[in-house]
Amino acid sequence: MQAHGFGPWANAEPSTPRKINFDVVSCGLNSGKCSEVVLAKRFICVVDSFTMEASDSEPLNTEPMDTETAPSTTRRRRKKSMVWEHFTVEVVSDGCTRACCKLCKQTFAYSNGSKVAGTSHLKRHIALGSCPKIKNLENQQLALASATRIDGDTSDPPKKRYRTSGFVNVFDQEESYMYLAKMIIVHEYPLHMVENPAFVCFVQSLQPRFKMIDVNAMEGEVLSVYHKEKQNLMQIFGTMLGRISLTIGLWTTSQTLGYICVSGQYIDGDWKLHRRMLNFMLVSSPHSENALSEAISVSLSEWNVKTKLFTITLDNNCSSHDIYSANLRDHLSNKNTLMLKGQLFVVRCYANILNVVAQDVIASIHGIVYNIRESVKFVKASPAREEKFAEIALQIGTPGAKALSLDVTTLWNTTYLMMEAALEYKEAFTFLETCDDNYNEAPSADDWKKVEVVCTFLKLLYDSANSIMTTIDQTANIFFQEAWKVQLELTNGTSSEDTVMSSIAKEMHEKFDKYWKDCSLVLAISVVMDPRFKMKLVEFSFAKLYGEDSGRYIKVVNDSIHELYLEYVSQPLQLMPAYVDRGEANHMNGNDNNPPATPNSTGDGLLDFDVYLSEMAVNQSTKSELDQYLEESLVPRIQGFDILDWWKLNNLKYPTLSKMARDVLAIPVSMVGTGCSIFGSGTGSRVLDDYRSSLRPETVEALFCAKDWLQYLPTMTVEPPSTAIVKLEL
């Protein structure tokens with residue numbers, strides 16, 4: 001048989017064919033036993049084997065040679081097998097060569113004179129894990145994947161898979177289903193995308209062996225992901241050291257139904273702040289008297305945190321009366337879980353009050369805002385108008401440092417920026433109205449005066465919102481000074497002699513003052529837990545705000561924080577070694593003169609002795625941890641100060657007070673999480689789209705909760721473990 005046009009003889013001249021002799025029966029090409037298709041496939045395999053052997057051995061020189069000009073040595077063809085990416089050929093003796101692994105330096109027989117050993121044994125060394133270096137890399141990769149899992153993830157590590165070929169990707173049908181479900185959850189894709197022909201074709205092009213499932217099966221995969229992640233989170237809650245604070249949000253649908261979103265915020269044992277969605281429950285009447293009470297009771301029971309509830313933060317639509325309904329309050333009181341007699345139980349969302357006040361004051365001058373918006377539209381309608389407007393501004397000497405911009409009507413910050421920029425061009429707009437008959441929307445002088453006052457107060461809210469959003473860990477202590485500054489400026493504005501300013505300030509102050517009265521105590525207690533301020537900032541702020549009456553308000557805060565501390569003193573304290581090296585903690589507290597403490601005795605069998613010494617020290621001390629903390633000097637206000645890290649370092653110095661600080665700092669004063677915009681949080685109930693409204697309630701809850709949980713999984717930002725192992729094998 002002759003073979004032309006393929007393998008190493010693809011470019012051979014017809015006049016010099018290469019004969020390939022093989023036994024048809026021994027090669028399995030007996031036509032009596034095989035169909036024509038099978039025969040063809042086996043023939044191709046046989047030819048490929050000859051091709052591979054020829055490519056790895058001394059090939060024929062298929063180029064016609066001129067005997068007079070031909071070189072004395074024969075040029076070797078480049079090796080094509082992929083194993084040579086991992087091996088090098090070393091000459092051992094005359095005519096003998098060995099293949100050396102680039103990783104482990106182990107050598108294997110390759111050629112002995114004219115005989116070539118082939119590459120199959122070299123492939124096995126790489127693909128089947130025989131190479132010790134590849135084994136070590138696989139173990140390191142598995143350890144890294146295990147270490148980067150979410151806290152409490154008890155799922156089994158990916159199974160080690162071996163392949164018959166070193167160059168075929170690992171494929172796991174069930175694992176692919178799981179990642180497809182996670183993709184749908186995280187990106188909010190519709191479940192029925194699995195039945196979209198274009199998507200099915202795309203997946204088949206990536207992996208023909210993947211069998212696409214239907215909508216019902218994908219719904220089951222989503223629920224499976226939800227239940228697995230829920231179990232992981234429940235394990236974390238089971239070992240949680242402190243209390244948990246809840247946030248309650250309302251969602252509505254196009255029907256009369258609604259959903260209640262319950263999230264929990266806490267600080268873990270490593271003093272890291274976390275917020276996780278707990279439930280997304282369907283309720284028939286979300287605004288009814290008992291809807292919130294029932295939802296909170298169900299959530300507390302389901303997550304087994306009845307005795308760990310600290311505070312509840314509400315958006316602007318929730319009524320305190322709902323939370324204080326008889327069933328819920330009686331239940332919590334009987335369990336003795338309400339701290340400070342419930343004075344801290346309900347917290348209003350700071351982001352929502354900013355939005356309410358800002359949107360209301362903008363609505364009060366909606367006619368002027370409309371004229372400004374239309375004026376900006378007129379100027380930006382064409383390049384010619386923009387050029388003409390720029391010439392007018394230059395002619396009348398308007399600085400024009402800010403460019404005109406249109407707002408998004410649902411985002412009050414964009415409306416504020418639009419009015420602020422337009423203020424700089426107020427003379428230019430007035431002049432434009434006199435020289436262009438097509439423009440007649442210029443605000444009057446009185447209108448511009450109102451815009452100027454409104455922008456002055458909106459800047460307060462705008463700066464406060466930005467300050468909160470740029471803080472990575474939104475612990476409760478950061479909100480006091482923000483709310484106090486707004487309250488002070490609005491209070492001063494109400495007594496202004498300018499009637500325009502006083503009227504606008506009174507309108508804004510009326511709404512914000514209610515928030516301040518409801519939440520100033522919890523905000524003040526939170527800032528006392530900041531070692532940079534303690535009671536000093538409260539005393540300073542209240543003196544500015546209340547004047548001669550400040551002493552009465554300061555006493556309320558001081559008494560409340562001492563009463564709260566005593567409630568923590570009455571609780572059992574977790575056993576821990578009493579004496580450790582506190583040099584670093586004392587240094588951060590500005591107390592460098594304290595002598596070093598006795599070294600930690602952990603491991604010497606004297607833990608009970610440490611507890612005894614701790615009890616003796618407490619009994620002999622005349623000052624409580626709280627009084628000692630308040631009397632010590634303030635920590636310097638340095639940039640990048642981490643309050644959670646400070647309490648972590650001082651946890652042993654203030655064992656009881658640190659428990660109180662952990663719970664207080666974890667209060668979610670704002671329902672808008674880190675990385676989200678306060679301006680877009682809105683003041684009304686959020687609306688569920690028609691597609692999700694049509695799904696089963698348990699599926700909706702799984703989609704919302706699982707998306708929240710998966711965003712914190714390291715595996716959602718790195719390659720799947722199986723893919724990483726494949727790369728190591730290659």
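A residue counts as buried under 20% relative accessible area, as exposed over 50%, and as partly exposed in between, with a 1.4 Å probe and protein chains only. This is a predicted model, in which local features need pLDDT of at least 70, side-chain atom pairs count only at pLDDT 80 or more, and totals for chains, interfaces and linings use all residues. Residues are numbered from 1 along each chain as its sequence is written, and side-chain values use heavy atoms, with hydrogens and water left out.

| Residue | Relative accessible area | State |
|---|---|---|
| Cys 201 | 54% | exposed |
| Cys 455 | 6% | buried |

The structure has zero disulfides, a disulfide being a pair of cysteine sulfur atoms within 2.5 Å.

Helices (H or I, at least four residues) and strands (E, at least two) are DSSP runs, numbered from the N terminus. Cys 455 belongs to the contact between helices H13 and H15, where contact means heavy atoms within 4.5 Å. On the H13 side, the contact residues include Trp 412 and Tyr 416. H13 (residues 412-423) packs against H15 (residues 445-469) at about 135°, with the axes 10 Å apart. Axes are lines fitted to C-alpha atoms, for helices over the stretch in contact, and angles run from 0 to 180 degrees between N-to-C directions. H13 and H15 are therefore oblique to each other; angles under 35 degrees count as roughly parallel, over 145 as roughly antiparallel, 65 to 115 as roughly perpendicular and the rest as oblique.

An open sheet has four strands in the order E1-E2-E3-E4, with antiparallel pairing; two strands pair if DSSP finds at least two bridges between them. E1 (87-93) and E4 (115-116) are at the edges, each with a single partner strand, so one side of each lacks a neighbour in the sheet.
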